[in-house]
Amino acid sequence: MSTHPNSIIILAIESSCDDTSAAIIRDGEVLSNLIATQTVHQAYGGVVPELASRQHHQKIVPVIDEALRTSGVKKDQLSAIAFTQGPGLLGSLLVGCSFAKGMALSLDIPLIAVNHMEAHVLAHFVEDPKPNFPFLCLTVSGGHTQLVKVTNPLEMEVIGTTRDDAAGEAFDKIGKYLGLDYPAGPIIDKLARDGQAKYEFAKPRVDGLGFSFSGLKTSVLYFLRDKLKEDENFINDNLNDICASVQQTIVDILMDKLTKATKKTGITEVGIAGGVSANSALRKALSESAETHGWKTFVPAIQYCTDNAGMIAMAAYYKYENGDFVDQDVTPNPRLKIPTADS
Ligand code: KG4
Ligand code: ZN
């Protein structure tokens, strides 16, 4: 590839959970974003950490090769190597971290450690239109539910989070009760399209900007237990309506707190990120709120919502510009956090 000699070209690796991904970014523009999703976990109803790290080992070389090939970038053109430092599964993070270290060492280029949750937020800056600052982001994934106030790409804080399950976890666990495969979020989304949200489930009463989803889980479990006593085919015969009702409840809980957060902060540039932001009902609710409340809203393309290295590359690009590099003694941090408002 002919490229300007002063171009900043970064290879980013994401391996925090069950997707092995590699991306190339040149001067802030993502040139390739390859994602190998691991299907081995489906049979177990959740991610099996040991299997995840073994799969990362198998896939990391072909995925990086493909990311380089499709971007037309040669290894010796790279300015830095970036990787996900955390949060995530230790065994999975270790694969990406070790590989990145080895590659940076052999090419004698800097190494950049990226926080996966910050990267989910910065997925909004991969494509146009991009939010202005300050910006409020609701990050909803399988492991996290966070309201993040973003002052600039390198400065953000969590102003609200969940006290128990994450929004994606609620979709996945309730999906399991319904006999759906893992991850159930996208399946519930699809089935809900042909259903009516006619069942009511408990909504949490959590003060401030906090979330809770464990009460909803229990409420659905008791509801199903009672209905199945009367009719053993209740789930099969009403699956679309149950999915629509569960989805609507989760979306209502999320939108209620997002609205409160905009009122509290006065911020009207509002986005959603993370795997659950692929949900069609949440996307619709966000665009309706844009009209009602006069927000400017942002949703990344689906490939940048679920786990991907493109977002890691975006975060790495800002860090590169800021000279934010790490040494070879860096280690993965499964509990890496974005600072909270009161920490
Ligand atoms: O961000 P992500 O890919 O991985 C984590 O960092 O957790 O999010 C995965 C989560 C899973 O819980 C999955 O069920 C959920 O995102 N998800 C969805 C949809 N697509 C993915 N939930 C609801 N509707 C969807 N369309
Ligand atoms: Zn994620």
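Is Phe325 buried, exposed or partly exposed? In this predicted model, in which local features need pLDDT of at least 70, side-chain atom pairs count only at pLDDT 80 or more and totals for chains, interfaces and linings use all residues, residues are numbered from 1 along each chain as its sequence is written. Side-chain values use heavy atoms, with hydrogens and water left out. Phe325 has a relative accessibility of 36% and therefore counts as partly exposed (buried is under 20% relative accessible area, exposed over 50%, partly exposed in between, with a 1.4 Å probe and protein chains only).

Phe325 forms an aromatic pair with Tyr320, edge-to-face at 5.3 Å centre to centre and 70 degrees between the planes. Rings of Phe, Tyr and Trp (its six-membered ring) pair if their centres lie within 6.5 Å, and planes under 30 degrees apart count as stacked, over 60 as edge-to-face and the rest as tilted. Tyr320, at 22%, also counts as partly exposed.

The structure holds 11 aromatic pairs. One of them joins Phe125 and Tyr318, whose ring centres are 6.5 Å apart with planes at 85 degrees, so this pair is edge-to-face. It links distant parts of the chain, 193 residues apart: Phe125 sits in the loop between α3 (116-122) and β6 (135-140), and Tyr318 in helix α10 (residues 309-321). Helices (H or I, at least four residues) and strands (E, at least two) are DSSP runs, numbered from the N terminus. Phe125 counts as buried at 3% relative accessibility, and Tyr318 counts as buried at 16%.

Definitions and conventions. Chains are lettered from A and ligands numbered from 1 in the order in which they are written.
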